[in-house]
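Colleague: I have a structure open and would like to learn how to read it with you. Could we go through the sheets and then the place where the chains meet?

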Amino acid sequence: MAAPHLAPEPATARRTAAALAPVLLVYAATVAPAFLLGPWWGLAAVAALLAAAAVLCRTMDRWVLWAAGARPVGADEEPELHAVVERLCLSSGLPKPRVAVSAAREPNAFAAGSGPGSAVVCVTEGLRERLGPAELAAVLGHEMAHVAGRDVLAGCVAAFPTLCAGLVLDGWALLWRGGPLGALAAVLLAPLAAVAALLYGAGTLAAMALSRRRELRADEAGTLLTGRPGDLAEALAKISARPGGKAGAGPGAGPAGRRTLRPVSTLCVVPAALTASHPPVADRRARLLTVARRLAAGA
Amino acid sequence: MSRRAGRRPGPPTLDRLFAIPDAGPPLEAATGFTPTGVGAVGHRIVEGGPFGAFDRARRDMLKLLTSGNAPGVAVSDDPHGWAWLRVTRAPGSLGELPGDLHLVNAVMQEAGFGPFLFCTVVWFGRRGRRLALVHARRRGTFYLFAPLDGRRRDAGLEALAAGALGEGPGGVLPLEPDPGRRFPLWDAPGLS
């Protein structure tokens with residue numbers, strides 16, 4: 001047994017940087033067209049991107065919360081969530097992140113921010129309804145492991161193109177419901193939506209490599225923090241079980257709920273969209289049960 | 001896992017629990033609060049069931065704790081997966097209580113479950129009011145928690161007591177410098 005080892009290792013940091021490379025390609029691809037207009041336009045676009053990235057790093061948590069339709073809650077509003085998070089902080093030595101709740105009906109959770117000092121941990125109403133107290137603590141332990149691993153920033157940088165594209169797509173889909181005028185606008189804006197769809201796909205692919213390892217690592221680190229891998233395995237099964245049996249078929253956690261979380265899909269504990277940017281839940285459960293056996297044997 | 005254990009041993013701060021008796025006199029002089037004889041260790045209920053490694057270690061620890069001049073011991077757990085081990089000695093002095101609490105921490109740490117202990121609490125009281133001296137194991141620091149009715153905290157009393165224990169190097173105990181990490185413990189046994 002070892003202490004919950006929560007600090008990032010140099011090797012892991014290097015691999016995170018390597019996994020970020022495709023994400024940077026996506027960023028480069030958004031700037032590249034500006035070079036067609038001339039080198040100065042291109043450089044201006046690069047400068048704008050760098051400035052945006054700098055601002056982003058400071059304000060990432062607010063962006064993500066806004067995109068997920070979440071709001072920060074105080075300890076008087078959500079004493080249970082705060083008590084669990086505080087206890088996890090006490091045992092990990094981490095500073096306390098802010099706690100937020102999203103109104104989405106789909107059960108899910110994510111962590112965002114630019115580091116342990118400015119992190120925010122968010123759960124959805126659906127998660128609170130569906131999970132028992134021990135499973136809630138396990139999911140929050142997983143999210144605290146993200147905060148501790150400093151990969152919330154890497155995850156947010158990777159998720160940002162997808163976030164923007166997802167918001168554009170959501171807005172465009174809403175236009176279709178706005179009567180004939182909305183439909184006309186939607187047709188006119190179709191090229192923009194096509195670019196957004198392309199960016200969404202590319203961004204999701206790029207974020208995949210990164211988030212895959214992030215999730216496995218957070219599963220393990222979170223388990224070393226909570227000592228209860230079985231609870232997390234149970235929670236993952238409940239979160240990924242869609243009502244009605246088939247993915248996205250149920251009315252309860254149906255399209256409306258999922259759309260709310262689509263922009264931040266790659267950040268969630270179980271992917272909100274149909275694109276599986278995370279390792280399959282069955283895989284993660286098998287790994288967690290291995291950890292459980294190790295804990296029981298005291299190895 | 002064990003590879004990392006060798007590189008980074010657990011914090012050698014458990015012995016600081018033995019400094020708790022030194023906190024009694026200055027605390028009483030400044031605030032009038034005296035030891036209630038109640039202390040507790042908070043820990044995670046690690047998975048594995050009654051025959052798993054964690055429960056074996058806990059049984060061994062309870063056996064040691066309740067042999068000889070035994071204190072009163074009670075166990076309580078919560079639905080989120082945490083538990084408290086409450087240790088009761090005669091009120092008024094801090095004679096054996098810190099030793100008991102140290103034993104609980106040391107045996108569990110020796111068995112490899114140190115990371116799953118989150119804090120140790122010693123209670124002080126005056127006319128029905130309570131004041132907790134909390135040792136945060138991971139940080140190796142102490143802080144004060146003075147609960148009031150309605151989930152409020154008596155910040156004035158906490159500051160007064162912290163002042164008596166001395167901030168800075170001349171102090172009796174190493175106190176937690178970050179106010180954001182002095183977490184309340186509303187479910188700790190001994191609070192009422």
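Modeller: Happy to! Let's begin with what pairing means: two strands pair if DSSP finds at least two bridges between them. Please keep in mind that this is a predicted model.

Colleague: Then how many bridges join β1(A) to strand β2 of chain A, and do they run parallel or antiparallel?

Modeller: In general, strands of a sheet pair through backbone hydrogen bonds, either parallel or antiparallel. Here β1(A) and strand β2 (residues 98–102) of chain A run antiparallel and are joined by three bridges.

Colleague: Now for chain B. How many strands form its open sheet, and which are the edge strands?

Modeller: Six strands form the open sheet of chain B, in the order β2-β3-β1-β4-β5-β6, and the pairing is antiparallel. The edge strands of chain B are β2 (72–77) and β6 (141–145), each pairing on one side only. The twist averages 20 degrees from one strand to the next. For a pair to look up, strand β5 (residues 129–136) of chain B and β6(B) are antiparallel over five bridges, with B:Leu133 opposite B:Leu144 in β6(B).

Colleague: Which strands does helix α4 of chain B lie across?

Modeller: Helix α4 (residues 97–110) of chain B lies across β1 (34–44), β3 and β4 of chain B, and runs at about 10 degrees to β1(B).

Colleague: Let's turn to charges. How many salt bridges does a search of the whole structure find?

Modeller: The idea is that side chains of opposite charge can pair when their charged atoms come close. Over all chains, the search finds 17 salt bridges. Among them, the side chains of A:Glu129 and A:Arg105 meet at 3.1 Å, N to O. This pair links distant parts of the chain, 24 residues apart: A:Glu129 is in helix α4 (residues 125–130) of chain A, and A:Arg105 is in the loop between β2 and β3 of chain A.

Colleague: And what is the count of salt bridges between chain B and chain A?

Modeller: The count there is one salt bridge, in which the side chains of B:Asp187 and A:Arg87 meet at 2.9 Å, N to O. Ten residue pairs are in polar contact between chain B and chain A.

Colleague: How many residues does each chain bring to the contact, and how much area is buried?

Modeller: Chain B brings 35 residues and chain A brings 39 residues. Between them they bury about 3,300 Å², 60% of it on carbon and sulfur atoms.

Conventions. Residues numbered from 1 in each chain as written. Chains lettered and ligands numbered in written order. Predicted model: local features only at pLDDT ≥ 70, side-chain atom pairs only at ≥ 80, totals over all residues. Heavy atoms only, no water. Contact = heavy atoms within 4.5 Å. Buried area = accessible area lost by both parts, 1.4 Å probe. Salt bridge = Lys/Arg side-chain N within 4 Å of Asp/Glu carboxyl O. Polar contact = N/O pair within 3.5 Å; in protein donor to acceptor, adjacent residues only side chain to side chain. Helix = DSSP H or I, 4+ residues; strand = E, 2+ residues; numbered from the N terminus. Axes fitted to C-alpha atoms, helices over the stretch in contact; angles between N-to-C directions.
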